[in-house]
Amino acid sequence: MKNIIRILLITIVLGLIGTYYFITNANTDEYLAYIPNVDDGTISVFNTKNKEVQNTIKIGDEVSHGIAATNDGEKIYTGDLNEGKVFIYDTNSKKITNTIDTGKRIHGIDITPNSKYVLLASGDLEVNDKYNYIQIIDTKTDEIIKTIKTSSKSPAHIDFSKDSKIAYVANVMSNDVSIVDIEKGKVTHTIEVGIMPNETEPSPDGKYLYVANVQEGTLSVVDIKSKKEIDKIKVSAGTHGIAVTSDNKYIWTTNRYDKNIAVIDASTSEIIKKIDIKGEPNHVSISPDNKYAYVTDLETGKLNIIDVESFEIVKEVKLGKEPHEIDFIKL
């Protein structure tokens, strides 16, 4: 009997230890952030747990401003910006395993929430028909399944509805946003916004689309249902990047010319905080754990890590030359 009781106690203790480690590990989310450094043709691989760059991937002489990672973390899509090639980097073999020749400039690279499609935007800071294209890659076959010639000018960056059916594309040289039905492969609506819209971001509840207008220093608020601009918030000179917190409460923008980051109360459209940085804030992303805002600095080549509650810059990490967008993979 004593032996049976002893065995039962050992089993219970081991079970509790296993449960403890399972809970501990389940609650410890670790992500890698992939960040393209345009002017030196590299991608920085940043570990959000230890807040250090753990690897630098060399792609070519330059890379595109956008970057896209599949949800399973196995593939990274990057481009060479001006030569029209998309490179698919395998994170397991740590090699480029496929190349897609698009025939277009590759500025924005973004992936649908379900990882089914990667969309490419060909825009540049000039008016020329050769920059007016959106292309769709099927991630299963890694082939271009649709090339869309838009009536808008120079599509830049892309975001998506939660159901992955709709793409929102900012057109920097025609001051509007294209609404793209991805399955149909066509632009269904065009919405006028501010001057030089660079980036879009839908609110987590799917009601609004926020658009950063660089030359106006404003944030357009678009009602997604009516597909109309319903408000325009004056932010700061050079409003370029956007991120919205997952609780739908705050909008963060990077403002290049005034060299600051603005935090806006989404319910009142009031700026509650401006955070100055040493260089030129470029893109902003909120970490998956919602604790930090990550801001790439175009001028200094650094990543600024900002506590979302205290609004303090807790760390600056050196990346490469001209870091741009950020995409996360959960380990």
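Buried means under 20% relative accessible area and exposed over 50%, with partly exposed in between (1.4 Å probe, protein chains only). Keep that scale handy for the tour.

Before you click, note that this is a predicted model, in which local features need pLDDT of at least 70 and side-chain atom pairs count only at pLDDT 80 or more, while totals for chains, interfaces and linings use all residues. Residues are numbered from 1 along each chain as its sequence is written, and side-chain values use heavy atoms, with hydrogens and water left out.

**Stop 1**

Select Lys 232, Glu 229 and Glu 216. Between Lys 232 and Glu 229, the closest N and O atoms are 3.9 Å apart. Lys 232 also meets Glu 216, at 3.3 Å from N to O. Lys 232 sits in strand β19 (residues 228–234) and Glu 216 in the loop between β17 (208–213) and β18 (218–223), so this pair ties together parts that are 16 residues apart in sequence. Strands (E, at least two residues) are DSSP runs, numbered from the N terminus. Now colour by accessibility: Glu 229 is partly exposed at 30%, and Lys 232 is partly exposed too, with 34%.

**Stop 2**

Next, select Lys 315 and Glu 52. Which parts of the chain does this pair link? Lys 315 is in strand β27 and Glu 52 in strand β3 (residues 52–58), 263 residues apart. Their salt bridge brings the closest N and O atoms to 2.6 Å. Lys 315 is partly exposed at 26% relative accessibility, and Glu 52 is partly exposed at 39%. A search of the whole structure finds eleven salt bridges.

**Stop 3: the sheet that holds β27**

Stay with β27 and show its neighbours. An open sheet of four strands runs in the order β24-β25-β26-β27, with antiparallel pairing; two strands pair if DSSP finds at least two bridges between them. β24 (281–286) and β27 (313–318) stand at the edges with a single partner strand each, so one side of each has no neighbour in the sheet. From one strand to the next, the twist averages 20 degrees, with axes being lines fitted to C-alpha atoms and angles running from 0 to 180 degrees between N-to-C directions. Zoom in on β26 (residues 302–307), which is joined to β27 by five bridges. Lys 302 has Lys 318 in β27 as its bridge partner.

**Stop 4: a second sheet**

Select β12 to β15. This is an open sheet of four strands in the order β12-β13-β14-β15, again with antiparallel pairing. Its edge strands, β12 (155–160) and β15 (186–192), each pair on one side only. Neighbouring strands are turned by 25 degrees against each other on average, direction ignored. Inside the sheet, six bridges pair β13 (residues 166–171) with β14 (residues 176–181), and Ala 167 stands opposite Val 180 in β14.

**Stop 5: a hairpin**

Move to β10 (residues 133–138) and β11 (residues 143–149), an antiparallel pair with six bridges. Four residues lie between the two strands of this hairpin, and Asp 142 in the turn has a positive phi of about 55 degrees. Asp 138 has Glu 143 in β11 as its bridge partner.

**Stop 6: the pockets**

A pocket is found on a 1 Å grid over the protein atoms alone, as an open set of points where a 1.4 Å probe fits, with protein on both sides within 12 Å along at least five of seven lines; lining residues have an atom within 4 Å of a point. The largest pocket holds about 1200 Å³ of space, a volume being the space filled by probe spheres set on the points. Of its 41 lining residues, Asp 159, Glu 201, Ile 286, Asp 327 and Phe 328 are the closest to its centre. Strands that each supply at least two lining residues include β12 and β24 from the sheets above.

Which residues lie nearest the centre of the second largest pocket? Select His 65, His 107, Leu 125, His 240 and Arg 256, from a lining of 17 residues. The volume of the second largest pocket is about 300 Å³.

Definitions and conventions
Salt bridge = Lys/Arg side-chain N within 4 Å of Asp/Glu carboxyl O.
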